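Biologist: I have not looked at this one before. Can you take me through it?

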Amino acid sequence: MTMYTQLEKGTFIPGRREVRYGGDYNPEQWNRETWLEDIELMRHAGVNLVSVGIFSWVMVEPREREYDFTFLDEILELLGAADIDVDLGTPTAAPPAWFWAKYPDAHPVTREGVRLGNGSRGMVSPSSPEYRRAAVAVTEQLAARYGSHPAVIMWHVHNEYGAPISDSYDDYSVAAFRTWLEGRYGTLEALNAAWGTAFWGQVYGEWSEIDAPRLSASVSNQAQRLDFQRFTSDALLECFIAERDAIRRHAPTAPITTNFMATNCPSIDYWKWAKEVDIVANDHYLVAERLDNHVLLSMDADLSRSLAGGRPWILMEHSTSAVNWQPRNIAKRRGELARNSLAHFARGADAVLFFQFRASRYGAEKFHSAMLPHAGTSSRVWKEVVQLGADLSRLGGALGSRVQARVAIVWSIESFWALDLEWRPSVELNHRERQEAFYAALWAMGVTIDFVHPSHELSGYDAVFAPSLYLLDAEGAANIESYVSGGGTLAVSYFSGIVGTNDEVLPGASPGALREVLGLEIQEFLPLRETETVVLDNGFGTGSAWSEDVLVTSAEALASYESGPAAGQPAITRNRHGSGDAWYVSTKIDGADLSAFIAQVLESAGVVIGAPPAGLEVVTRAGDTEQYTFFINHSSDAATVASPTGARDALTGSAAAPETTIPGDGFRILVSPVG
Ligand code: GLA
């Protein structure tokens, strides 16, 4: 496919046209005899890409500026000889003990003032000059040595920036925060205005008076906290860019990336970060106990693809079975491994990788699953790993193909940061909960979703949902308004468009950023008691958690409150704006009520709802001439669907019957002409 060729020119996984399969490999934990066995087993399983060196700083730099590449030289040679490509990690998520002993000021400090110790892994103060210098130095050495190594086809910087901690309140961070603020505001007058420091008499007269928003007697200045979030994401990004540029000096064409945690990292603005990586890579772990965890997986995969601008991305880590860090680490059931992997692949991943190849015997992760578990090659997990490798080897034709979505959900991390601050009108205002509720309803209808930033071009979407968009800046508001006036269909859930960039309530009645487009004004927020529900008329069901005293200006009321504090007032509205439509729902509706609301919005926008059998995930990746349709059955009942015209089974090559049955807990992949 032409797309893949184009991407091969420096922006995607170079080399052979195969689905990349493998995972993190930590050879420093094993002897040479085990390496040889591992490589044999990797070949047997179809592994063709491993991430190496992610936690091996002390092995390659045992003392400051003394380097020893023996182990990496050997393992890279062995992997290369076995035709297994390497994604070389920079080891900067785990500084050596000598680093901490020599540079104690690099220890991160929590908001509560606790200085964290070492002996684990994770981030240092991202603003420590010693850390930045040492991280770039070891990266530069690795890049100089392996920048043109034939086995090293791409680079993996650091590990999960932002986890397990991100913001640090140490002295270096405070100093860097002041510099960042000077860059953003220029003058103290501008900062004082943006932060509204007249409130509680917080006005600053000198830059040196400004601190990080550490734990205080009461609620800290919320604009300051929001800016500290932005600063932290930027400080971590500077660390990534410094390492990336050091690699680039020695490896001019190899893709360089770092592993994101798309919907699961509270501290990083991935929209901004995605512009800096050559290819988006994502880690995803199931919330084991949730029975709908496959829906959350899809949401993560759709956000990964959206961060990648629709281009293919890498599933850098997921697990073959249980993890070790949740309260109850439920093992994956038979077939779940393949269903999970294929769901990521169906949603645009061109590589399927796991944490990790061989299970560790020592350390914090010894109870985490792996491709090769402690039980070895007789285990069910290993057999499923081998089977998946064989299946993926037949899907090379899908590489580089694209997932098409006609419907989008607005995802704004800045808005989520702001809403998560204290003293909101109700603890029930929870962006994650609303995002999941809307996404899950759309998933069940078989609607493929892109995520978009408020400033993104929206005109290509038939419908755009904003389930929780509390903070909306002027640019985003204008963009959304022009989408609707140009003919788009927008649906907004409550407590959206309330504040601007600095968490300041926009002038006049709420929602200041969306008042015109929605054609209404909120006279007063009317949060509900914990178990209180309100009845809506016209068959719209029941609301909970939240209601509002809505005054329509130009909108039409589709439903009104029959009960509760807003009885008699509009609850669900629709406003004709320009040539488009803007819907608003002012209370929390769930289940069938939410699905019915969403279905009405989609119908009005002309979106055809597939309505697949319950639990059946259907996603299509389309290339220039062929498309791959993935049917993944998350129910234990078999499902039967119409096959696409002219389809054949992607794994067996045999022609598909007019109807295809997908066994319970199983999957089918059909290839058909694009049409
Ligand atoms: C994260 C890390 C890995 C490993 C896994 C375990 O994703 O990046 O190093 O700890 O979690 O689930």
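This is a predicted model: local features need pLDDT of at least 70, side-chain atom pairs count only at pLDDT 80 or more; totals for chains, interfaces and linings use all residues.

Biologist: Fine. Which domains does the assignment give for the protein chain?

Modeller: Domain 1 is made of two segments, 19-187 + 192-399. Domain 2 covers 407-604, and domain 3 covers 616-673.

Biologist: How far apart are the C-alpha centres of domain 2 and domain 3?

Modeller: Those two centres are 35 Å apart.

Biologist: What is the distance from a polar side-chain atom of Glu317 to an oxygen atom of the ligand?

Modeller: For Glu317 it is 2.5 Å. A polar side-chain atom of His368 is 2.7 Å from a ligand oxygen atom, and for an N or O atom in the side chain of Asn159 the distance to a ligand oxygen is 2.8 Å.

Biologist: On to the backbone. Where is His158, and what is its phi?

Modeller: His158 sits in the loop between strand 4 and helix 7. Its phi is near 60°, a positive value in a residue that is not glycine. In general, most residues other than glycine have a negative phi.

Biologist: What kind of peptide bond joins Ala163 and Pro164?

Modeller: A cis bond, with omega about 0°. Pro164 is in the loop that runs between strand 4 (152-156) and helix 7 (171-185). Ser510 and Pro511 are also joined by a cis peptide bond, with omega about -5°. Pro511 belongs to the loop between strand 14 (489-493) and helix 17 (515-518). As a rule, most peptide bonds are trans.

Biologist: Let's switch to helices. At what angle do helix 2 and helix 13 cross?

Modeller: Roughly 55°, and the axes of helix 2 (residues 32-45) and helix 13 (residues 380-392) come within 8 Å. The two helices are therefore oblique to each other.

Biologist: Which residues make that contact?

Modeller: Helix 2 contributes Leu41, His44 and Ala45, while helix 13 contributes Trp382, Val385, Val386 and Gly389. By class, five residues are nonpolar, two are polar and none is charged.

Biologist: And how do helix 11 and helix 15 pack?

Modeller: Helix 11 (residues 293-307) and helix 15 (residues 431-444) pack at about 100°, and their axes are 10 Å apart. So helix 11 is roughly perpendicular to helix 15.

Biologist: Which residues meet there?

Modeller: From helix 11 there are His294, Val295, Leu296, Ser298, Met299 and Asp302. They meet Arg432, Gln435, Glu436, Tyr439, Ala440 and Trp443 of helix 15. This contact has six nonpolar, three polar and three charged residues.

Terms used. Residues are numbered from 1 along each chain as its sequence is written. Side-chain values use heavy atoms; hydrogens and water are left out. Axes are lines fitted to C-alpha atoms, for helices over the stretch in contact, and angles run from 0 to 180 degrees between N-to-C directions. Helices (H or I, at least four residues) and strands (E, at least two) are DSSP runs, numbered from the N terminus. Angles under 35 degrees count as roughly parallel, over 145 as roughly antiparallel, 65 to 115 as roughly perpendicular and the rest as oblique. Contact means heavy atoms within 4.5 Å. Ala, Val, Leu, Ile, Met, Phe, Trp, Tyr, Cys and Pro count as nonpolar, Asp, Glu, Lys and Arg as charged, and the others, Gly among them, as polar. Domain bounds come from an automatic or database domain assignment. A polar contact is a pair of N or O atoms within 3.5 Å; within protein, one must be able to donate a hydrogen and the other to accept it, and residues adjacent in sequence count only if both atoms are side-chain atoms.
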